[in-house]
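Biologist: I'd like to learn how to read the inside of a protein model. Could you take me through it feature by feature?

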Amino acid sequence: MTPTRPESTTSSRAIRVTLVLASANRRGAEMQGEALSRELRALGVSIRVVALTASASADAALDVRVLGRRALAPLTLRRLAQETRSTDLAIGYGSTTLPALSLVSAATRRPFIYRSIGNPADWARGSLHRARTRALFTRPVHVAALFDRASASLGSLYGVAPERRSVIPNARSSRHFVPPSAEERGAARRALGVSSDGPVIAFIGALADEKRPQVALDVFDHVEGATLVVAGDGPQRTALEAGVARRGRASRVRLLGAIPDVRPVLAAADVLLITSSTEGMPGSAIEAALMGVPSVAPDVGAVREVVSEGGRVVAQDAVAQEYAHAIADVSAERDRLGDVARAHVMANFTWDVVAPVWLGLIERIAERSPTD
């Protein structure tokens, strides 16, 4: 997969950008947006980050300015207009930023780029919803999709012309996520209390319905001698704990809750397991591959683009035994497949590759932005 690379221009002044997150929650899209801000700042962009609403948990909040209690409340929109009026352009990250920036952009005369974080075909509903969404998609000057099929959906469903859209994938830092040494891997396993007599399966993500953590537990049941390490929290945690207790295999399951750094988990793992019913482009699979850990995941969203080299992609409706068979195959060749996965991700999904693509797009839009 090669990102669409907008033509880069140069500017005699620093480009000023407001990056708008849907919320201050420490979750995938929001964390990816904040990471993008850091990379763009390192490339010379003057950028500030705001969130439309607060985090659901103060303990899991990003350190960004929160504009209001509700995304489309008048006070939130007034503050958003104030934030964007003094910049060259805005970038909206997350679904509620599309209507919010659409409402304020006419008043501020500032263009905005909308980051589409999934495949629109997965969340398109009835004709009225599609008509409203189609109208909203007339407002951004450009839409950045995660992968080719998502970009095509933006055109077919909502009429976003090819020249107004591009493909820019998710990314992670190859300096932050590196393969562990044998000593580091052993230390990570000891810290988790994990033995070496079977595959270690990592599940990383919110314990929410769309991530289907109960399916991960069913898969674990079918992998002989496996240990399951779960890093994440959410509404499904109580049900997951009950499922572990019913199976009588608590000694083989580690429920870590939300953790600030997933690298120790990946250092201990043989395989990353994803069981989601929907996905955009899973950052956890990129992180795992950079650390030499192959993934097993369903064919949803942009999973195939990330996982197919080195990992295993199963059918969207695969049953637990099919996941388990794929895990057994991958675990048997963990080191070789991990090298393949890492090489693929290094070539396509690191900030060294992706951040310059964003910069080129931003420069192009900023050239057309009105100045005060």
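**Reading the inside**

Modeller: Let's start with Phe137, which counts as buried at 1% relative accessibility. Buried means under 20% relative accessible area, exposed over 50% and partly exposed in between, using a 1.4 Å probe and protein chains only. This is a predicted model, so local features need pLDDT of at least 70 and side-chain atom pairs pLDDT 80 or more, while totals for chains, interfaces and linings use all residues. Residues are numbered from 1 along each chain as its sequence is written, and side-chain values use heavy atoms, leaving out hydrogens and water.

Biologist: How many aromatic pairs does the structure hold?

Modeller: Rings of Phe, Tyr and Trp (its six-membered ring) pair if their centres lie within 6.5 Å; planes under 30 degrees apart are stacked, over 60 edge-to-face, and the rest tilted. Here we have 2 aromatic pairs. Tyr114 and Phe137 have ring centres 5.8 Å apart and planes at 65°, so they're edge-to-face. Tyr114 sits in strand S5 (112-115) and Phe137 in the loop between helix H5 (127-136) and strand S6 (142-145), so this pair ties together parts 23 residues apart in sequence. Helices (H or I, at least four residues) and strands (E, at least two) are DSSP runs, numbered from the N terminus.

Biologist: And what is the pair of Phe137 and Tyr158 like?

Modeller: Their centres are 5.3 Å apart and their planes at 25°, so that pair is stacked. It links distant parts of the chain, 21 residues apart, with Tyr158 in helix H6 (148-158). Tyr114 is buried at 4% relative accessibility, and Tyr158 is buried at 2%. Together, ring pairs link Tyr114, Phe137 and Tyr158 into a cluster.

Biologist: Which residues have the most contacts inside the largest nonpolar core?

Modeller: A core is a set of buried Ala, Val, Leu, Ile, Met, Phe, Trp, Tyr and Cys residues joined through side-chain atoms within 4.5 Å. The largest one has 58 residues, and Leu80, Phe137, Met281 and Val306 have the most contacts inside it. Helix H11 gives the most to this core, 5 residues. There's also a second, separate core of 32 residues, with Val45, Val49, Val64 and Ile365 among them.

Biologist: Which residues of strand S12 are buried on each side?

Modeller: S12 (295-298) is covered on both faces: Ser295 and Ala297 are buried on one side, Val296 and Pro298 on the other. Strand S11 (271-273) runs parallel to S12, joined by 2 bridges. Strands pair if DSSP finds at least two bridges between them.

Biologist: How many cavities of 30 Å³ or more does a search find?

Modeller: On a 1 Å grid over the protein atoms alone, a cavity is a set of points where a 1.4 Å probe fits but cannot get out; lining residues have an atom within 4 Å of a point. Points join across faces, edges and corners, and volume is the space filled by probe spheres set on them. The search finds 2 cavities of that kind. About 50 Å³ lies in the largest, and its lining includes Ala285, Ala289, Val306 and Val307. Helix H11 (283-290) and helix H12 (303-307) are the elements that give two or more residues to that lining.

Biologist: And what lines the second largest cavity?

Modeller: The second largest cavity is about 40 Å³, and residues including Leu89, Ala90, Leu101, Val104 and Phe112 line it. Strand S4 (89-93) and helix H3 (97-108) each give two or more residues to the lining, and H3 has the largest share, 4 residues.

Notes: 1 Å grid on protein atoms, 1.4 Å probe; cavity = no way out; pocket = protein on both sides within 12 Å on 5 of 7 lines; lining within 4 Å.
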